[in-house]
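Please look over the sequence and the structure shown here before reading the report.

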Amino acid sequence: MPQRLDPTLDVVFKLLFTRDADSETALLGLVNAVLRPKRPILGVEVLNPAIGRHDLDDKDILLDVRARLADGSTVDLEMQARRHPSFRNRVLYYWARSFGHALSPGGPYTALRPALCVVFLGYVEPENERFHAVFRLLEEHDHTLFSDALALHFVQLPLLGRLTEADRRDDAALLRWGRFLAARTDEEAEATAIYDPA
């Protein structure tokens, strides 16, 4: 009997969503579940996860899964199984590099497209008790959206057992993905996967 590979391991997570055409279907299903667009996203292109340096002083980064959506925006999907002391700074750095990477030297700023970051967490982030938290750039007083270019999605897998009715209603597809990713046995994964072809 084959032993189940743990999708919370970086290498397994990457293979799940980048290996072949079936992986692309799964990636499209996952992205739609997280972003909950008004109209389903119909196309996704897996990109090279490495974002190289523009300057010698830049730090190379290697994302888990990087993709371009049909509208030109990019999405970075990360699996973070354990707490990292500078996690938030690292996520912002990844976002900034992904956002700026689309701009060629001398290119117009209108060429910049939204860069979205989705992180699946194997732990609960301090001061955030939501299963699916979304952070955006908003005005402090009236919460006016400054730009749709930044969206950070954190999906906290340990909170699957503490869902609100709103979570169950609004994030039904994402809950199935969360249960699949957090499954510890083949039976748990199969029981979740039976409800979603992707």
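The report below turns to aromatic pairs, then to a surface patch, and then to one arginine.

## Aromatic pairs

This is a predicted model, and the structure holds 8 aromatic pairs. One of them joins phenylalanine 13 and phenylalanine 120, whose rings are tilted, at 6.0 Å centre to centre and with 55° between the planes. Because phenylalanine 13 lies in helix H1 and phenylalanine 120 in strand E6 (residues 115-121), this pair ties together parts that are 107 residues apart in sequence. Phenylalanine 13 is buried, with a relative accessible area of 0%, and phenylalanine 120 is buried, with a relative accessible area of 0% as well.

The rings of phenylalanine 87 and phenylalanine 154 also form a tilted pair, with their centres 5.4 Å apart and their planes at 50°. This pair links distant parts of the chain, since phenylalanine 87 is in helix H3 and phenylalanine 154 in strand E8 (residues 145-156), 67 residues apart. Phenylalanine 87 is buried at a relative accessible area of 2%, and phenylalanine 154 is buried at 5%.

Ring pairs also link Phe13, Phe17, Phe120, Trp177 and Phe180 into a cluster.

## A nonpolar surface patch

On the surface, Leu9, Val11 and Leu15 form a nonpolar patch that has about 280 Å² of accessible area together. Leucine 9 is placed in the segment before helix H1 (10-18), and it counts as partly exposed because its relative accessibility is 46%.

## Arginine 88

Arginine 88 is found in helix H3 (residues 87-101) and, at 41% relative accessibility, counts as partly exposed. Leaving aside residues up to four places away in sequence, arginine 88 touches Glu125 and Pro126. Arginine 88 and glutamate 125 are 37 residues apart in sequence, and 9.7 Å apart in space, C-alpha to C-alpha.

Key:
Residues numbered from 1 in each chain as written. Predicted model: local features only at pLDDT ≥ 70, side-chain atom pairs only at ≥ 80, totals over all residues. Heavy atoms only, no water. Patch = residues over 30% accessible without salt bridge, like charges linked within 9 Å, V, L, I, M, F, W, Y side chains within 5 Å. Areas by Shrake-Rupley, 256 points an atom, 1.4 Å probe, with all protein chains shown as cover. Salt bridge = Lys/Arg side-chain N within 4 Å of Asp/Glu carboxyl O. Helix = DSSP H or I, 4+ residues; strand = E, 2+ residues; numbered from the N terminus. Buried < 20%, exposed > 50% of the residue type's maximum accessible area, 1.4 Å probe, protein only. Contact = heavy atoms within 4.5 Å. Phe/Tyr/Trp six-rings, centres within 6.5 Å; stacked < 30°, edge-to-face > 60°.
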